[in-house]
Amino acid sequence: MRWLLVLMAFLVFAPSSIAQCVTVADLLLSPDNFDNQKVVVVGEVLGILYRGEKAWVNIENGEYQIGIWCETRMLENLKVTADYRHRGDIVEVIGIFHKACPEHGGDPDIHAENLAVLERGYEISREINWWLMTLSLILLALGLFLTVKLRYREKRALPYWY
Amino acid sequence: MTACALLELLCVTEREMELKHAILVAALLWLAAPFFGSLPLWFSGQYAFLDSFFETTSGLTTTGLTLTQHADLLPKSINFLRHLLQFVGGVGVVVISLCIFGRTQISSFLMFKGEAREAGIRPSIVKTSRRILGIALTFLALGTVLFTLAGITEGQKPGDAVFDGLNHTMAAYSTGGFSTHSQNMLYYHSALVEIVALVLMILGSLNFNLHYAILTGRRGEMVKDIEIKVFLVFLITGGLLVGFYLSRSFHSSAFTIFRKGFFHVISAQTTTGFQTVPPSYTIYLWPVPVLVLLSILMIVGGSANSTSGGIKNLRLGILFKSLLLEIRKTFLPSSAVVVETYHHLGENPITETVIRGAAVVTLSYLLLLGFGTLVTTSFGYPFHASLFETASALANTGLSCGVTSPSMPSILKLTYIFLMWAGRLEIIAIFVLLGFIFLQLRRILP
């Protein structure tokens, strides 16, 4: 009988305490389903904005992005933010999702309880396209030459309104 | 640059440029420039060709609708180019509207007051361009400093803050709306950054004539000008209504409603397109009346001779005054002569020509809005989303509720390219271009 009571209590309280694994798209496309609930989200770190003891970490998952409001001590392991030359750290965030956070001007956000680095970011090697580089330089040189030539021609015979 | 220089060298004529030539050149330039401008984006491998053409058209017309999915991951050079296109397009359109469209019968009241109408078009363009560039570069420097300081205050690295500051100033002042971040202004989660953006958006949407008047000491124009009055009427009415409908949605506090509502009302009315909510929120969570109200504000637009799009406050002010004039006439004897004026850098009479010009442009905008909405709905999008996105493209705004994406049908992309182009040139140029094509065809065909 005691076991049955424990099981019932677990079933009643479990949804509010166990985090649901979701994508950022789930949160932003169906925010009503997850408002004020604990969620687990995985995403690539796009940028960090430090605000004293706290910080905003913007993460991207697929085509969607969201801001994570967390304590700066959680960011000690974060090293790489994403840009053209870098793959950002992949993090797993556990926290409370707010459809329109009253504390942050109505922004959709997650107040993080835990933030863990799943995969370390790295530098992406980008090769130069020499064909395009050569073409660009030729066009630049041609453009500059013609502009200077035109300027010289105009200066020789300045119009009345110049 | 090379193409322009080659044209200048090879296509030489002794003839003085006439108004029809200037309009034709403007119309074709706004098609040719996106083509050449799209090449770097296409070569970067980040976009398909049509997408790069769309993006460049959106940039040069200062629209801000984007097909970029991961703006944060773009090379810095490409991101800079996108924003530079908006700045160049914004300054360019003011020059064209002051020097070329201002001379047409249809919008004769838009002429730059400082210029002699009798002066040739080319000298006028050169002189006006210098003045406008001077003003624009001053605001660019000022805006970059403000955005940078705001970014650093809100926890950004100084290097990133400067880069973002420069790009966002170009986007805000040209009322473009591109951002270096996929989240747009939401990336910062900052009221301070939003305030800086608001100031620059409003400055960009004000008439350059007014900038010039204020800079030369005529500060009284600020309170007397009909454009400012119309702008404030729409801002206050639109703001209150948007606030009312948002208060009935999921936003709980008055501060949140004010921050989200006011920012988007200004963004829509100045036709900038900066957003602080995800596009999915706009379409799924915001009440439909909010979308309709924002669409109306986008179509109303900012001031004439500014970087903003839309019908323009001046035209709507004139139409409203002409409506009052007609009502007054009905109560007066038929022999009475009634003269109505509007204040725009001095008192100007409301003549038949002025009313006709304003009415033609307004009607054309509404027809194109209907056309674009119809095309969008035919692809299965909801009516309110279609209206919103079409208004955004036509008024060169850039607010999106998610219709604009790389996966949208190519015909819709082409439709929006046409709308952005037509809206930017205030539709007048299209009439002239079509007339020119018609005349040429009539000459060729028996």
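Two packed helices are described by the angle between their axes and the distance between the axes. For α6 (residues 158–173) and α7 (residues 191–205) of chain B, the angle is about 40° and the axes are 7 Å apart. Axes here are lines fitted to C-alpha atoms, for helices over the stretch in contact, and angles run from 0 to 180 degrees between N-to-C directions. Helices (H or I, at least four residues) and strands (E, at least two) are DSSP runs, numbered from the N terminus.

This is a predicted model, in which local features need pLDDT of at least 70 and side-chain atom pairs count only at pLDDT 80 or more, while totals for chains, interfaces and linings use all residues. Residues are numbered from 1 along each chain as its sequence is written, chains are lettered from A and ligands numbered from 1 in the order in which they are written, and side-chain values use heavy atoms, with hydrogens and water left out.

Which residues of α6(B) and α7(B) make the contact? On α6(B) they are Thr169(B), Ala172(B) and Tyr173(B), and on α7(B) they are Ala197(B), Leu200(B), Met201(B), Leu203(B) and Gly204(B); contact means heavy atoms within 4.5 Å. By class, 6 of these residues are nonpolar, 2 are polar and none is charged. Ala, Val, Leu, Ile, Met, Phe, Trp, Tyr, Cys and Pro count as nonpolar, Asp, Glu, Lys and Arg as charged, and the others, Gly among them, as polar.

In chain A, strand β2 (residues 38–51) has 11 of its 14 residues buried, so the rest of the structure largely encloses it. Buried means under 20% relative accessible area, exposed over 50%, and partly exposed in between (1.4 Å probe, protein chains only).

Strand β2(A) also has pairing partners; two strands pair if DSSP finds at least two bridges between them. With β1(A) (residues 20–22) it runs parallel over 3 bridges, and Gln20(A) is partnered with Val39(A). With β6(A) (residues 90–98) it runs antiparallel over 7 bridges, Val41(A) being partnered with Val93(A). With β3(A) (residues 54–61) the pairing is antiparallel, over 7 bridges. β2(A) and β3(A) form a hairpin with 2 residues between them, and Gly52(A) in the turn has a positive phi of about 65°.
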